[in-house]
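Me: I would like to go through this structure with you. Could we begin with the pockets?

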Amino acid sequence: MTERTFSIIKPDATRRNLTGAINAVIEAAGLRIVAQRRVHLTEAQAKKFYEVHAERPFYGELVAQMTAEPVVVQVLEGENAVAKYREVMGATNPANADEGTIRKQFALSIGENSVHGSDSLENAKIEIEQFFTEDQIVG
Ligand code: ADP
């Protein structure tokens, strides 16, 4: 089934000029980048985006990291895009990520782990709507 998922290339990656390298991994996996925009998240945007983690000890650090430098927000489209992108990203902690995954190749730590990807189709829809209107997504 063709799906859309939401991706963020995080500040640790944009800072190291890795947008193109990460996009190459995404495209090689057969996912199409059907919307993409560079944005410097405000504190309010980052807090809202990660509000499910508000009670976690790392929340403050996560919000600080996500607002430190610009990010690239993206919509990816393809067969089973949500699960496929989770596979391509690799485990949250790069120490546990499989060879060839984005996080294995590029992540610095469990916090600065280079990319975000939606964890369900339902969340993908919610997250896409936070950053893109339907007319900005060109499949
Ligand atoms: P994922 O991004 O793989 O879906 P989570 O939803 O569990 O992972 O966490 C969201 C983000 O919060 C992670 O990508 C990472 O940047 C940060 N994070 C998660 N766990 C930790 C932790 N133990 N310490 C620091 N940062 C963390």
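Reply: Helix 7 contributes five residues to the lining of the second largest pocket, the most of any contributor. Helices (H or I, at least four residues) and strands (E, at least two) are DSSP runs, numbered from the N terminus. The model is predicted: local features need pLDDT of at least 70, side-chain atom pairs count only at pLDDT 80 or more, and totals for chains, interfaces and linings use all residues. Residues are numbered from 1 along each chain as its sequence is written, and side-chain values use heavy atoms, without hydrogens and water.

Me: Which residues line the second largest pocket?

Reply: The lining consists of Arg-4, Leu-121, Ala-124, Lys-125, Ile-128, Glu-129, Phe-132, Thr-133, Glu-134 and Ile-137. On a 1 Å grid over the protein atoms alone, a pocket is an open set of points where a 1.4 Å probe fits, with protein on both sides within 12 Å along at least five of seven lines; lining residues have an atom within 4 Å of a point.

Me: How much space lies in the largest pocket?

Reply: It holds about 670 Å³, where a volume is the space filled by probe spheres set on the points, and grid points are joined across faces, edges and corners. Among its 27 lining residues, Tyr-50, Val-52, His-53, Leu-62 and His-116 are the closest to the centre. For the second largest pocket, the figure is about 180 Å³.

Me: Which element gives the most to the largest one?

Reply: Helix 7 does, with four residues. Those supplying at least two residues each include helix 3 (43-49), helix 4 (59-66) and strand 4 (115-117).

Me: Changing topic: which residues touch the most other members of the largest nonpolar core?

Reply: They are Phe-6, Met-66, Val-73 and Phe-132, in a core of 20 residues. Helix 4 gives the most to this core, with four residues. A nonpolar core is a set of buried Ala, Val, Leu, Ile, Met, Phe, Trp, Tyr and Cys residues joined through side-chain atoms within 4.5 Å; buried means under 20% relative accessible area (1.4 Å probe, protein chains only).

Me: What does Phe-132 touch?

Reply: Leaving out residues up to four places away in sequence, Phe-132 touches Phe-6, Ala-35, Gln-36, Arg-37, Val-73, Gln-74, Val-75 and Ile-137. Here, contact means heavy atoms within 4.5 Å. Phe-132 also belongs to the lining of the second largest pocket.

Conventions:
Buried < 20%, exposed > 50% of the residue type's maximum accessible area, 1.4 Å probe, protein only.
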